[in-house]
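Please look through the structure below with a few of its helices and charged pairs in mind. The text after it takes these one at a time.

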Amino acid sequence: MGPPSLRVGVIGAGRVGAVLAAALRKAGHEVVAASGVSDASRERAEALLPAVPLLQPQEVAQRADLLLLTVPDDELAPLVAGLDFPGALGARIVVHTSGAQGLAVLSPVVEAGGVPLAIHPAMTFRGTDADLPRLSGCPFAVTAMPDHRMVADALVLDIGGEPFTLDEADRTQYHAALAHGSNHLVTLVAQAAELLRRIDVDDPGRLLRPLLEAALDNALERGDKALTGPVARGDAGTLTRHLAMLDALAADGVAGDIPPTYRALALATARRAGSRGALTPIQIDAVLGVLDPPGVAGPSDTTEPPAPGEPR
């Protein structure tokens, strides 16, 4: 963004806010205040933003030229509504980092004469200085008014990211895609690691890392063509054994969340494999018979299944 530097305030010194503020400080801006409620936020601010005072949100807003709102999605609207943006807000820039929301939530900023921006980094954060180099080249979804687009792009570039335009109407779908891909991946990996630990594999990551990295690379490059495993091969017998084992664990009070997850994702995998003709009608029937037997409530109850052999 270049000189003169901006006075930056951050409300919500969580994993995202503290890191972004630290990146802006590194770019030459002055972080003048932050707010954080939890002990973790306060410790994070002390580590990433040393000597920055921790104040109440309204005080942070009053001190800043550039105000970062980095609170959870559902807290954003109440926070904005509770801040008293003065009528002479002028050129003050207010930015939120919610992936699912756009500019509508910042309407009080517009009414006060400020510059509202919605930017969302497409990465996960640990909330440590290890995140700072990972911001380099990170895509940032930017929603801004046409007159403010250059300001938004410059801000993202100062952070180290690469801005791209995202329409207001598309933010929910964009965010759902990222959440489904990244958050649910964490759940899957944790479940797989749990199963391995239960058979005395001390370091599940050593087994899973090469498999998962290869699967991710193949999926990003080839999409559904990268599908492998018992579903994609039509191995109904293997699926039966998997589910019997998982159900037995659940019956013993162990890993009860894994069987429904396995069934739901295996069924989605079967449909994708079937849609590209990778399975014969006989294989599709066998796989669906294991994963979604007739008369059993399951993930497909709300969807009319296609006839055997037809795309799913």
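In this predicted model, helix H11 meets helix H12 through Leu239, His242, Leu243, Leu246, Asp247 and Ala250 on the H11 side and Ile258, Pro259, Tyr262 and Arg263 on the H12 side. By class, this contact has seven nonpolar, one polar and two charged residues. The axes of H11 (residues 236-251) and H12 (residues 258-275) come within 9 Å and cross at roughly 155 degrees. Angles over 145 degrees count as roughly antiparallel, and H11 and H12 are therefore roughly antiparallel to each other.

A salt bridge joins the side chains of aspartate 247 and arginine 263, at 2.7 Å from N to O. This pair links distant parts of the chain, with aspartate 247 in H11 and arginine 263 in H12, 16 residues apart. Aspartate 247 is partly exposed, its relative accessible area being 31%; arginine 263 is also partly exposed, at 23%.

The whole structure has eight salt bridges. One of them pairs aspartate 153 with arginine 149 at 2.5 Å, N to O. Both residues belong to helix H7 (residues 149-159) and sit four residues apart, about one turn of the helix. An α-helix has 3.6 residues a turn, so residues three or four places apart point the same way. Aspartate 153 and arginine 149 are both buried.

Helix H1 (residues 15-26) has 12 residues, which at 1.5 Å a residue should span 16 Å; the end C-alpha atoms are 17 Å apart, in agreement. Its buried residues are Gly17, Ala18, Val19, Leu20, Ala21, Ala22, Ala23 and Leu24. After H1 comes glycine 28, with a positive phi near 110 degrees.

Definitions and conventions
Residues are numbered from 1 along each chain as its sequence is written. This is a predicted model: local features need pLDDT of at least 70, side-chain atom pairs count only at pLDDT 80 or more; totals for chains, interfaces and linings use all residues. Side-chain values use heavy atoms; hydrogens and water are left out. Axes are lines fitted to C-alpha atoms, for helices over the stretch in contact, and angles run from 0 to 180 degrees between N-to-C directions. Helices (H or I, at least four residues) and strands (E, at least two) are DSSP runs, numbered from the N terminus. Angles under 35 degrees count as roughly parallel, over 145 as roughly antiparallel, 65 to 115 as roughly perpendicular and the rest as oblique. Contact means heavy atoms within 4.5 Å. Ala, Val, Leu, Ile, Met, Phe, Trp, Tyr, Cys and Pro count as nonpolar, Asp, Glu, Lys and Arg as charged, and the others, Gly among them, as polar. The expected span of a helix is 1.5 Å times one less than its number of residues. Buried means under 20% relative accessible area, exposed over 50%, partly exposed in between (1.4 Å probe, protein chains only). A salt bridge is a side-chain nitrogen of Lys or Arg within 4 Å of a carboxyl oxygen of Asp or Glu.
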